[in-house]
Amino acid sequence: MTVPDLLKCKRDGRKITVVTAYDALFARIVEQAGIDVILVGDSLGVVVQGKVNTLSVTMDEMLYHTKLVAGAVQRALVIGDMPFLSYQVSQEEAVRNAGRLLQVGAHAVKLEGGAAVTDRVTAMTNVGIPVIGHLGMTPQSVQQYGGYRVQGKGKDRALQLLEDARALEGAGASAIVLEAIPAGLAKTVSEALTIPTIGIGAGPHCDGQVLVLYDLLGLFDEFVPKFVKPYGNLKAEALQALRRYKEDVEKGVFPSDSESYH
Ligand code: KIV
Ligand code: NA
């Protein structure tokens with residue numbers, strides 16, 4: 001899977017599947033399942049680091065996790081997420097940080113925002129760094145929203161989002177993530193653009209879908225948004241396995257003869 005393949009998928013009407021991963025073990029499982037794209041998301045701040053939002057995730061942390069994932073996969077496209085403050089402060093810092101994600105193995109980077117970041121997108125694409133945009137409910141703006149709320153509601157906001165999407169495409173973005181916006185608006189945006197849209201909480205009309213791996217697997221249940229569908233129940237399975245292990249050790253049943261050396 002390559003960056004140009006994303007565009008080809010849209011032209012061919014083939015849906016793009018994207019899942020997050022943060023380490024080599026899960027990256028290999030995701031790839032083995034045939035998922036097209038692995039996003040090393042800054043959502044790791046919440047699901048791996050246990051923070052309440054993504055704002056404290058650092059560039060060094062993103063480089064570490066991106067390196068683990070990129071080093072483990074062979075076919076999937078790897079997107080490295082740009083954390084808060086890694087691209088907002090200056091054009092120079094933005095390009096350097098994006099380039100560092102490519103140096104550890106990412107094939108593209110993702111950043112949040114519309115018209116406000118189009119100069120960053122152009123500067124990156126000008127030096128050969130493919131960029132994925134991210135519009136709608138952009139988690140790095142959580143303090144401005146006052147919480148995680150659906151965005152792009154109402155005619156004015158919808159038009160604004162459509163303009164932002166067009167601006168990102170014009171600046172050279174290779175795809176755009178649409179998060180937590182009305183399905184109708186996501187459909188309009190998807191039809192208006194040549195580049196693919198990847199939805200999360202953006203309805204069925206996007207050109208692809210993305211979910212956070214631990215949400216998809218039913219491993220993270222502290223905060224489950226309406227748009228998450230848990231396809232597994234791995235937390236329950238993990239709990240059951242751990243409780244059985246504890247019980248066996250306490251009863252003296254584990255290890256048995258077959259787990260012992262003689
Ligand atoms: O950080 C992340 O996992 C993301 C996706 C939810 C789009 O940005
Ligand atoms: Na993110």
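How many Å separate the centres of domain 1 and domain 2, taken over C-alpha atoms? In this predicted model, the answer is 39 Å. The domain assignment places domain 1 at residues 3-231 and domain 2 at residues 233-262.

**Annotated binding sites**

Let's turn to what the UniProt record says. An unreviewed entry lists Asp 42, Asp 81 and Glu 112 under "binding site". These residues are spread over 71 residues of sequence, but they cluster in space, with a largest C-alpha distance of 11.0 Å. The "binding site" annotation, again from an unreviewed entry, also covers Asp 42, Ser 43, Asp 81 and Lys 110. This set spans 69 residues in sequence, yet no two of its C-alpha atoms are more than 12.4 Å apart, so the residues gather at one spot.

| Residue | Location | Other C-beta atoms within 10 Å |
|---|---|---|
| Asp 42 | loop between β2 (37-40) and α3 (44-47) | 27 |
| Lys 110 | strand β4 | 26 |
| Glu 112 | loop between β4 (108-110) and α6 (118-126) | 25 |

Are these residues buried or exposed? A residue counts as buried if 20 or more other C-beta atoms lie within 10 Å of its own. Asp 42 is buried because it has 27 such atoms around it. Lys 110 is buried too, with 26, and so is Glu 112, with 25.

Asp 42 touches Thr 54, Val 57, Met 62, Asp 81 and Pro 83. Lys 110 also touches Asp 81, and its other contacts include Leu 39, Ile 79, Met 82 and Val 177. His 134 is another contact of Lys 110, and Glu 112 is in contact with His 134 as well, along with Thr 138 and Gln 140.

**Around ligand 1**

Which residues are around ligand 1? They are Thr 20, Leu 39, Gly 41, Asp 42, Ser 43, Asp 81, Val 177, Glu 179, Ile 200, Val 210 and Val 212. By type, this shell divides into 5 nonpolar, 3 polar and 3 charged residues.

**The nonpolar core**

In soluble globular proteins, nonpolar side chains tend to be buried together. Here, the largest nonpolar core has 71 residues, and those touching the most other members are Ala 21, Ile 38, Val 69, Val 78, Ile 79 and Val 109. Beyond its neighbours up to four places away in sequence, Val 69 touches several residues, among them Ala 21, Tyr 22, Ala 27, Ile 38, Val 40 and Val 78.

Key
Residues are numbered from 1 along each chain as its sequence is written. Chains are lettered from A and ligands numbered from 1 in the order in which they are written. This is a predicted model: local features need pLDDT of at least 70, side-chain atom pairs count only at pLDDT 80 or more; totals for chains, interfaces and linings use all residues. UniProt positions are given in the numbering used here, feature names are shortened, and annotations may be inferred rather than shown by experiment. Helices (H or I, at least four residues) and strands (E, at least two) are DSSP runs, numbered from the N terminus. A residue is buried if 20 or more other C-beta atoms lie within 10 Å of its own, exposed if 12 or fewer, and partly exposed in between; C-beta atoms are placed from the backbone. Two residues are in contact if their C-beta atoms, placed from the backbone, lie within 7 Å. A residue is near a molecule or strand if its C-beta atom, placed from the backbone, lies within 6 Å of it. Ala, Val, Leu, Ile, Met, Phe, Trp, Tyr, Cys and Pro count as nonpolar, Asp, Glu, Lys and Arg as charged, and the others, Gly among them, as polar. Domain bounds come from an automatic or database domain assignment. A nonpolar core is a set of buried Ala, Val, Leu, Ile, Met, Phe, Trp, Tyr and Cys residues joined through C-beta atoms within 7 Å.
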